[in-house]
There are 4 protein chains.
Amino acid sequence: MFYPENWKKLKRGPQVILWKDAGTIISTVGLQSGDSVVDAGAGSGWLAIRLGLIVGEKGKVASYEWREDFAGLAEKNVAKAGLGKIVEVKRKNVFEGIDEKDVDLITLDLADSEKVLPAAHAALKEKGFVVGYSPNVEQVRRFVEAGLAAGLEQFRVVETIEREWLVRPQGCRPATMGLMHTAFLSFLRKPARKE
Amino acid sequence: MFYPENWKKLKRGPQVILWKDAGTIISTVGLQSGDSVVDAGAGSGWLAIRLGLIVGEKGKVASYEWREDFAGLAEKNVAKAGLGKIVEVKRKNVFEGIDEKDVDLITLDLADSEKVLPAAHAALKEKGFVVGYSPNVEQVRRFVEAGLAAGLEQFRVVETIEREWLVRPQGCRPATMGLMHTAFLSFLRKPARKE
Amino acid sequence: MFYPENWKKLKRGPQVILWKDAGTIISTVGLQSGDSVVDAGAGSGWLAIRLGLIVGEKGKVASYEWREDFAGLAEKNVAKAGLGKIVEVKRKNVFEGIDEKDVDLITLDLADSEKVLPAAHAALKEKGFVVGYSPNVEQVRRFVEAGLAAGLEQFRVVETIEREWLVRPQGCRPATMGLMHTAFLSFLRKPARKE
Amino acid sequence: MFYPENWKKLKRGPQVILWKDAGTIISTVGLQSGDSVVDAGAGSGWLAIRLGLIVGEKGKVASYEWREDFAGLAEKNVAKAGLGKIVEVKRKNVFEGIDEKDVDLITLDLADSEKVLPAAHAALKEKGFVVGYSPNVEQVRRFVEAGLAAGLEQFRVVETIEREWLVRPQGCRPATMGLMHTAFLSFLRKPARKE
């Protein structure tokens with residue numbers, strides 16, 4: 001297990017993807033031990049670490065990051081999490097192409113992530129998934145439309161709201177304030193070839 | 001990857017734990033490839049399969065089920081999911097004890113799951129988690145109170161709401177009807193010994 | 001009081017605005033007994049009736065509806081609700097203009113409601129509100145942008161989710177399925193003149 | 001209209017009931033101009049003012065408050081809101097009885113509000129509503145059970161979540177943080193006599 005307190009030992013640079021959204025990604029696509037994943041951009045490496053914990057030593061996560069400062073940060077976090085052999089931080093601009101082939105899952109948390117979708121289509125296995133993490137609805141729309149144009153299928157678009165509860169001697173109730181929004185998750189899928 | 005359509009090939013008997021809740025469990029505790037898990041009751045085996053996909057061949061899931069019909073169903077589903085070597089369906093009443101030791105995670109989806117908590121405490125590793133899946137608030141309260149009495153710490157109680165979005169040429173909007181509630185997830189934790 | 005069962009005696013043609021959204025409108029703007037309201041389109045007359053109940057005999061609701069069939073339906077519903085002297089169903093296309101002046105509140109539930117905003121600005125009192133009821137996010141955006149262009153201020157955009165609870169001897173829990181979305185409510189406001 | 005900025009001119013002592021919950025109450029019961037309401041405790045007078053705005057000069061709101069400091073505060077707020085002739089702040093402990101008869105609506109925001117329910121039953125019109133405002137689920141349960149014991153019917157228990165949206169040139173998205181919980185609203189109803 002990678003305990004919740006371990007995350008506090010990692011350095012936090014750019015915005016990170018929270019556990020609730022990582023959980024939705026893992027569960028929706030059925031990610032499992034041994035899978036092959038491409039992630040971009042690495043940012044602080046949070047999502048790459050989450051995915052690396054799941055795919056394990058028989059799996060692989062390639063996390064693209066063109067900004068040298070973020071790449072260095074992500075690399076250190078990956079090492080601290082003990083995933084140096086599983087997660088590779090690649091100093092490369094994902095908009096220039098994806099090296100990997102037969103990938104199970106591609107996760108995109110980038111401003112113009114829809115521009116990666118033709119390359120994502122080429123890199124994915126049949127039935128594989130690409131997921132866009134988009135704070136704004138307009139980004140969701142561009143992502144889904146560009147995906148359809150690139151030959152991908154729309155699987156689902158979802159947002160997850162977690163509500164914390166206070167369970168105390170004086171009574172049970174949800175916490176007053178909470179996280180109302182992080183991002184929308186858009187799942188696209190490479191169709192199986194028809195024979 | 002264990003594709004979404006694969007679940008449709010499994011048989012569905014008793015109520016199953018949905019992906020959204022499995023995702024919250026996996027993400028909150030930091031479950032990873034190689035972990036050791038106890039699950040009760042197996043029911044249709046859904047959650048045991050979800051957890052087995054994550055822990056992989058270096059890990060282990062023991063799923064307790066005292067009802068012969070459910071145990072048979074869960075066992076068939078586990079085999080169909082290709083996890084026969086990872087997930088063991090145990091024909092045993094978990095209220096009579098947990099055989100495993102040094103367990104990372106225990107998941108309980110039972111009517112009186114709070115009665116398992118002393119045994120769960122004994123079976124868990126230090127810092128390990130036990131999660132209760134409870135549809136009603138009264139169950140949450142009993143679970144948390146029994147856990148505190150058994151020497152466990154309250155980590156978080158949470159509910160997850162997923163909202164599906166329709167992204168179409170005519171516009172983007174959430175779906176009209178949806179799943180408002182499955183269950184509350186109560187996370188308890190075995191404290192580390194003070195030295 | 002206009003009891004919940006009374007609504008069942010009214011005829012239901014086009015989609016109606018639900019109580020939760022009517023409640024948000026009334027509460028946000030501070031609608032009170034005696035206010036003057038313009039509503040378009042009338043549809044089945046539901047929202048006009050809700051508003052008429054609040055403004056009472058000292059107030060006034062003018063509800064525009066250019067489709068003869070809907071106007072007839074709304075008129076019958078208004079009469080059944082006993083609001084014939086308060087709510088006037090006007091057989092007129094609101095896109096051609098608003099007759100009323102010094103209006104406190106204008107509610108718009110129309111496909112292209114943003115086109116009414118210049119006329120709404122002219123009809124409103126200073127500090128008065130115009131509310132758009134929009135199922136899709138793109139409509140919200142067009143509405144807000146057209147409002148700003150027409151000299152209105154953006155007050156708030158909000159969606160309301162009501163969750164029903166089951167309170168029974170066996171326990172308390174939210175209902176499993178429920179209404180996840182009706183529409184977004186966009187509140188624009190006519191600014192007070194600077195002196 | 002009682003403009004949103006007017007609330008800022010009122011003094012705020014004890015916790016106030018927010019617009020979203022006032023809106024749900026008004027809409028669910030069908031409150032209208034001319035109705036008769038009992039409210040307890042007055043607190044800062046917020047809800048009494050909301051209800052007074054709706055019932056208007058032909059209606060009446062009696063708001064009970066036994067704490068002299070709160071009663072004074074509520075009275076000043078009511079006067080500032082211009083509702084001195086509609087809302088009466090009564091310096092009386094509602095647990096000792098309700099003076100009014102044939103009341104349309106009773107709103108209870110008190111620690112042990114279930115103890116008022118027999119008196120509420122006696123004060124209500126047939127088909128009239130009593131609403132409990134309860135932060136904790138345990139309070140909801142006690143309220144509903146005491147209501148059934150007092151001869152009232154369970155109408156609905158509901159919670160309302162409002163989500164604010166940011167609509168900006170760079171895109172549309174919900175606000176990151178927000179109000180996750182205020183209270184549960186339990187609606188009980190006095191049945192019509194069977195003839």
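Colleague: How many salt bridges are there between chain A and chain B?

Modeller: This is a predicted model, in which local features need pLDDT of at least 70, side-chain atom pairs count only at pLDDT 80 or more, and totals for chains, interfaces and linings use all residues; side-chain values rest on heavy atoms, with hydrogens and water left out. Residues are numbered from 1 along each chain as its sequence is written, while chains are lettered from A and ligands numbered from 1 in the order in which they are written. A salt bridge is a side-chain nitrogen of Lys or Arg within 4 Å of a carboxyl oxygen of Asp or Glu, and K58(A) meets E57(B) in this way, 3.2 Å from N to O. Between chain A and chain B, the count of salt bridges is 10.

Colleague: Which strand gives the most to the side of chain A that touches chain B?

Modeller: Chain A and chain B have 33 residue pairs in polar contact, both residues at pLDDT 80 or more (N or O atoms within 3.5 Å, one able to donate a hydrogen and the other to accept it within protein, residues adjacent in sequence counting only if both atoms are side-chain atoms). The elements that each supply at least two residues to that side of chain A include α1 (19-29), α5 (137-149) and β6 (153-168); helices (H or I, at least four residues) and strands (E, at least two) are DSSP runs numbered from the N terminus. With 14 residues, the strand that gives the most is β6(A).

Colleague: How many residues on the side of chain A that touches chain B are nonpolar?

Modeller: Ala, Val, Leu, Ile, Met, Phe, Trp, Tyr, Cys and Pro count as nonpolar, Asp, Glu, Lys and Arg as charged, and the others, Gly among them, as polar. By these classes, that side has 16 charged residues and 12 polar ones, and the nonpolar residues number 24.

Colleague: Which residue of chain B stands opposite E159(A)?

Modeller: Strands β6(A) and β6(B), the latter covering residues 153-168, pair in the antiparallel sense over 9 bridges; at least two DSSP bridges are needed for two strands to pair. Within β6(B), the residue opposite E159(A) is R163(B).

Colleague: Which three residues of chain A lose the most area to chain B?

Modeller: Contact, meaning heavy atoms within 4.5 Å, joins 52 residues of chain A to 53 residues of chain B. Buried area is the accessible area (1.4 Å probe) lost when two parts are put together, summed over both; here it is about 4600 Å², 52% of it on carbon and sulfur atoms. Together giving 16% of what the side of chain A buries, the three residues are M1(A), W165(A) and V167(A).

Colleague: How large is the area buried between chain C and chain D?

Modeller: The contact draws 53 residues from chain C and 53 residues from chain D. Carbon and sulfur atoms give 52% of the buried area, which is about 4600 Å².

Colleague: With which residue does R156(C) form a salt bridge?

Modeller: Across the interface of chain C and chain D there are 10 salt bridges. The closest N and O atoms are 2.7 Å apart in the salt bridge that R156(C) forms with E162(D).

Colleague: How many residues apart are R91(A) and E75(A)?

Modeller: Over all chains, the count comes to 76 salt bridges. The side chains of R91(A) and E75(A) meet in a salt bridge of 3.1 Å, N to O. This pair links distant parts of the chain, R91(A) lying in the loop between β3 (87-90) and β4 (103-108) and E75(A) in helix α3 (residues 68-80), and their separation in residues is 16.
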